[in-house]
Amino acid sequence: MEETIYDVLVIGGGPAGYTAALYAARSGLSVVVLEKLAPGGQMSTTGTVDNYPGFHDGVDGFELGDRMKKGAERFGAKSVFNQAVEVDLTGAVKKVKTRTGELLAKTVVLATGAYPRELGLPEEQPLRGRGVAYCATCDGVMYKDKTVVVSGGGNTAVDDALYLSKLCKKVYLVHRRDELRAPRSRQKVLEDNGVEILWNSKITKIHHGERVNGVELTDTKTGDTRLLPCEGVFVAIGRVPDTALVQGQIELDEGGYVVADESTRTSVPGVFAAGDLRAKVLRQIVTAVADGAAAAHFAEEYLMEQGG
Ligand code: NAP
């Protein structure tokens, strides 16, 4: 790769990353976005997005990601589809190694987001796509008229179970405690939609042939186990920030999220954190794009302080 020193290097091409790129490029800064897969990040696997203002009929998450990319590129931001494998954020010139080279920049916006937490069972990953899924709106349609289990007790698990209840023959919600983390009112909504909640239960094994055909449930109080036949397992037990790349270089909280206030400034000068990887209360597309705008603003301010 070339030895250009960009003003702003954005790692992660989701809503936060491409908004930072749009604002920075529109301010006349040289910008590169490093994205490992496709624009849109987590949003691109969301199906219809109904809570992003301006799209009264909803908008496809993949399409919105692509639009955000094109919007930033219109002002000169460059996209590089490659994976960041190592970073050195300490100096005035930040270095980001990819699988095939190195990118240099005066500022870095971290916007790598978060990914679904796994159950941690050995058979889980090999069965991904063959009965194990992490996104009901993406994969639910493949389980039409089938029996599925949703693991988790938060709002995501409740939303997933409700979504699946419209498609599937039977939906079980398996939760490790006797009370949802989601608001109590949502329990009734689940029950009204035919979702059966299995309290004090954990999935401790996934049974399968070529595909999933059941789960072993362990009672978290008694330790008793039982087999529950099912064709799908939707894991909805929270998310993990994608911050392994910067661990040891910037301050992270106990959950691994980057510590930064609304200015998105991190503990390292010239490094900003935007979107779901930042420690904050509400993780939504609109809060991610707000972070992206702030990151570009404060990156520009930092560059001016450093003499441009
Ligand atoms: P969350 O609120 O952190 O809930 C995760 C759930 O998974 C908890 O019930 C937790 O159990 C369970 N869990 C965690 N690790 C587990 C493990 N190893 N094995 C079994 N169960 C495990 O995560 P989320 O539901 O993804 O939501 C994330 C944030 O987005 C929340 O602030 C949520 O309110 C918000 N959100 C809002 C909406 C909405 O408003 N419609 C929709 C989706 C998400 P415990 O309860 O026992 O800890």
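1. Glutamine 249 counts as partly exposed, since its relative accessibility is 27%, where buried means under 20% relative accessible area, exposed means over 50%, and partly exposed lies in between (1.4 Å probe, protein chains only). Glutamine 249 is found in the loop between strand E18 (239-241) and E19, helices (H or I, at least four residues) and strands (E, at least two) being DSSP runs numbered from the N terminus. Although glutamine 249 and valine 268 are 19 residues apart along the chain, their C-alpha atoms are separated by 7.9 Å.

2. Before going further, please keep in mind that this is a predicted model, in which local features need pLDDT of at least 70 and side-chain atom pairs count only at pLDDT 80 or more, while totals for chains, interfaces and linings use all residues. Residues are numbered from 1 along each chain as its sequence is written, and side-chain values use heavy atoms, with hydrogens and water left out.

3. Threonine 264 also lies in the loop between E18 and E19, and it has a positive phi of about 65° although it is not a glycine. With a relative accessibility of 0%, threonine 264 counts as buried. Asparagine 200, likewise not a glycine, has a positive phi of about 45° and sits in the loop between strand E13 (196-198) and strand E14 (201-208). Its relative accessibility of 16% means that asparagine 200 counts as buried. These values deserve a second look from a student because most residues other than glycine have a negative phi.

4. The largest nonpolar core has 33 residues, of which Val8, Val10, Ala21, Val31, Met68 and Val109 touch the most other members; such a core is a set of buried Ala, Val, Leu, Ile, Met, Phe, Trp, Tyr and Cys residues joined through side-chain atoms within 4.5 Å. Two or more residues of this core come from each of strand E1 (5-11), helix H1 (15-26), strand E2 (31-35), helix H2 (61-73) and helix H6 (285-305). The most is given by H6, which supplies 10 residues. As background, nonpolar side chains tend to be buried together in soluble globular proteins.

5. A search of the whole structure finds 16 salt bridges, each being a side-chain nitrogen of Lys or Arg within 4 Å of a carboxyl oxygen of Asp or Glu. One of them joins the side chains of arginine 67 and glutamate 63 (2.8 Å, N to O). Both residues belong to helix H2, where they are four residues apart, about one turn of the helix. Arginine 67 is partly exposed at a relative accessible area of 45%, and glutamate 63 is partly exposed at 35%.

6. Which residues are linked with Lys280 in a network of salt bridges? The network consists of Arg278, Lys280 and Asp291. Lysine 280 lies in the loop between E19 and H6 while aspartate 291 is in helix H6, so the parts tied together here are 11 residues apart in sequence. Aspartate 291 is buried with a relative accessible area of 5%, arginine 278 is buried with 6%, and lysine 280 counts as buried at 17% relative accessibility.

7. On the surface, Arg117, Arg176, Arg177, Arg181 and Lys202 gather in a patch of positive charge. Patches are made of residues with over 30% relative accessible area and no salt bridge, with like charges joined within 9 Å and nonpolar side chains (Val, Leu, Ile, Met, Phe, Trp, Tyr) within 5 Å. Lys and Arg count as positive and Asp and Glu as negative, leaving out His and the chain ends, and a charge is placed at NZ of Lys, CZ of Arg, CG of Asp or CD of Glu. The areas come from the Shrake-Rupley method with a 1.4 Å probe, and for residues only the protein chains shown count as cover.

8. Finally, leucine 217 is placed in strand E15 (residues 212-219) and is buried, having a relative accessible area of 3%. Its C-alpha atom and that of alanine 288, 71 residues apart along the chain, are separated by 37 Å.
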